[in-house]
Amino acid sequence: MTYEERWTGFEAHIDGGGMVEAGDWMPDEYRAGVLKFIEMHANSEIMGAIPEREQIPGAPSLKRKMSLTAKVQDEVGHAQLLYRVAEDLGKSRDAMYWDLVSGKSKFHNVFHYPTFHWGDAAVIGWLIDGAALVTQASLLESSYAPYTRVLKRICAEEQLHLRHGEDITLELASGTDRQRAMLQDALNRWWLPIIHFFGPKSNVDKDLLLRWRVKTRTNEDLRAEFLDRYVPKVLELAFELPTPVPFKDAASERWVVNDEDIDWAPLDAIKKNQGPETERRLGLRRRSYEDHRWVREALDDQTSQAA
Amino acid sequence: MRRSTIRPRRRPESLVEIYEVFRRSGHKQPFEHCGSVTAPDVGMATVMAKECFTRRGEGRHLWVIRRADIHTWSDDSLPDPAADKSYRFAHAYRDVVKKRALARSRAQADAR
Amino acid sequence: MSDILAAILIALADDELIIGHRHSEWTGFAPHMEEDVAFSSIAQDEIGHASAYYSLASTMVGQTPDQLAFGREPGEYHNAVLCERPNGDWAYTLARHWLYDNADALRLEALERSSRPELALLAAKIRREERWHSLHAELWVKRVAEGSVEGRGKLLHALAEAFAEVRGLFEPFDNEERAIAQGWLTVPSPVLGARFVETTTAALDDLGLPVEIEPGAITTELIASSSGDLIATDEDSASITPAGGGLGGRYGRHSDDFKALWAAMTATYKIEPEATW
């Protein structure tokens, strides 16, 4: 069979709802595309651990201290699962980690921003996890089978995180004026990054990942679902959302934002790894990676055989 | 005072390996694959797998196996046997009910 | 009398809270991804143990566990200085984890025989989790000890550093003699310290780790410290510092490291101490 024949067969398989396993034949473009996509997802989980872990030392109760630690632990666990899936497509975890810390590969925009206080733990845990869950749930239908298998577990844990984040949020929302002010401050800073989170409008004709059902829904579709689900929940707690200010579209009766109100400049900078916290956070990971070379060597050492 | 000398060690090739992890949620369930870990040896792989895959009490029994030691087989093509193999399935015996009735009426006829 | 027991429970809780706090600082940042997950569970366990000890003390002193954990001044925390030291690198973290959990195992074994049933029961529960912590620490220490020269060197250095302060874990509690007389505690801290030196020295010897320990030294000094000789007495001094050798923590004398940890740990709580979070 020629490469073209195999390609045609592969597309027919995908169009017929078929799934792809790691050992199956796949076009190089599919392999590279899936690898890059899952690698970025994994990178985002491990980088997403940083802003949240910044709030662990100051968690305000014993219960919160344990549950936020557990939540960040889950995110690292997700990275572990995802890197394993990506690794089986032909790039070692070490290579992916090095590409991440040296700034060669990318991670999600929201994890390039700083945190200042417990209000950030609330908004990250509720709205950013809410946004991530909308995206990840859509990927459960992806054509790459090993990805869908780990996503099943990831989505189940994200459901729990959503509750956890909402619980923190509601405690602040029903608390003192200072507690409410912390939440409002965090909302003001995170709203635009959350809108960016879904990415600019998809180019349906050119996006191979959409064509091959690695991704199943467009960026704008996912953003619309998020807005309609979460805007009313924020507003009913009597908080304000900054530009792009959402409103209820009269025709569709759905919560939306005006596309022209979205300032994309911050996202463009982040795409070049020039976000407010990008260099500092990557630098922390890079230094830790270099300082702990000896640990990797200790783990590599075959002369040591633990019982 | 106790002292011993540092023994120099040979530096081998990287041997961090992938271990596949199977989990059983209870004694009535079978072991099922739940993921994999990267670890230097089976002892550490087990310790790590315990936290990666059972920290919410999803199971208390694990099998941890070097991926290299697992043999796989798969065939996604539709089964197209050369002969009828329906005898392997319960649906091939659906007319047992009818036959039971027939046999019963025959037995009753004999008894008369 | 219950004040004496409450103070001891709080000191035990403080050890667990502060080391748990340090361990949790690795979550999301450990040098190996699966290990990150494993070590985070240990951090959560330690904070959970703290919470359980605080709960026992809570009714005796009329404060909630969170008030005890976050609402005290630095000089009112009675954790050992060893627990508050920054994580440093993975070698120091491992060394301290191994030493602490070995020490805790001995302490729990003694607490399981306490005349206070609720304390004995809790100790038994905690000990089940601590067994797993010890196994985890042991696997790591063994691997690094038997591994490359560089890692082994770092571990040795870290063990020496941590060991120099380990006696703080066996510094007697306030009114320890009376707690022993009541059977609340079953083994005096210096005796536990001596057992610790014995087992740890043997374990280090098995691993071929040349950490310099004078057998008996730690015990002698602990007895001396319990008489108060080694503890500086200027309680009102603004600069509270450990008395050296990792001692002083049980009397609320901490390092600057603790002040930084305490400031971070209580920052949110102190914004609205009366609020729920």
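Does Tyr87(B) count as buried, partly exposed or exposed? At 46% relative accessibility, Tyr87(B) counts as partly exposed, where buried means under 20% relative accessible area, exposed over 50% and partly exposed in between, with a 1.4 Å probe and protein chains only.

A word on conventions before the rest. This is a predicted model, in which local features need pLDDT of at least 70 and side-chain atom pairs count only at pLDDT 80 or more, while totals for chains, interfaces and linings use all residues. Residues are numbered from 1 along each chain as its sequence is written, chains are lettered from A and ligands numbered from 1 in the order in which they are written, and side-chain values use heavy atoms, with hydrogens and water left out.

1. **The surroundings of Tyr87(B).** Tyr87(B) sits in the loop between β3 (61–66) and α2 (96–111) of chain B; helices (H or I, at least four residues) and strands (E, at least two) are DSSP runs, numbered from the N terminus. Together with Tyr93(B), Val96(B) and Val97(B), Tyr87(B) forms a nonpolar surface patch with about 410 Å² of accessible area. Such patches are made of residues with over 30% relative accessible area and no salt bridge, with like charges joined within 9 Å and nonpolar side chains (Val, Leu, Ile, Met, Phe, Trp, Tyr) within 5 Å. Accessible areas come from the Shrake-Rupley method with a 1.4 Å probe, and for residues only the protein chains shown count as cover.

2. **Chain B as a whole.** Chain B has two helices and three strands, in the order β-β-α-β-α. Of its 112 residues, 26% count as buried. The accessible surface of chain B comes to about 8700 Å², with 53% belonging to carbon and sulfur atoms.

3. **Chain C as a whole.** Here you will find 11 helices and zero strands. Buried residues make up 61% of the 277 residues in chain C. Among contacts (heavy atoms within 4.5 Å) in chain C with a separation of 6 or more, 74% join residues 24 or more positions apart. Chain C exposes about 9500 Å², and carbon and sulfur atoms supply 53% of that area.

4. **The interface of chains C and A.** The size of an interface is often given as the accessible area lost when the parts come together. Chain C and chain A bury about 4300 Å² between them, 64% of it on carbon and sulfur atoms; buried area is the accessible area (1.4 Å probe) that two parts lose on being put together, summed over both. Met33(C), Arg143(C) and Trp277(C) supply 21% of the area that chain C buries against chain A, more than any other three residues. In terms of contacts, 48 residues of chain C meet 47 residues of chain A.

5. The rule finds one salt bridge between chain C and chain A, a salt bridge being a side-chain nitrogen of Lys or Arg within 4 Å of a carboxyl oxygen of Asp or Glu. Arg93(A) forms a salt bridge with Glu34(C), with the closest N and O atoms 2.8 Å apart. On the side of chain C that touches chain A, α2(C) gives the most, with 11 residues.

6. **Ser114(C).** This residue lies in the loop between α5 and α6 of chain C and is buried, with a relative accessible area of 8%. A polar atom of the Ser114(C) side chain lies 2.8 Å from the backbone oxygen of Trp184(C).

7. **Backbone points to check in chain A.** Most residues other than glycine have a negative phi, and most peptide bonds are trans. The bond from Thr243(A) to Pro244(A) is cis, with omega near -5°. Arg213(A), which is not a glycine, has a positive phi of about 60°; Arg213(A) is partly exposed at 24% relative accessible area. Glu253(A) has a positive phi near 60° too, and Glu253(A) counts as exposed at 58% relative accessibility.

Note on methods. A polar contact is a pair of N or O atoms within 3.5 Å; within protein, one must be able to donate a hydrogen and the other to accept it, and residues adjacent in sequence count only if both atoms are side-chain atoms.
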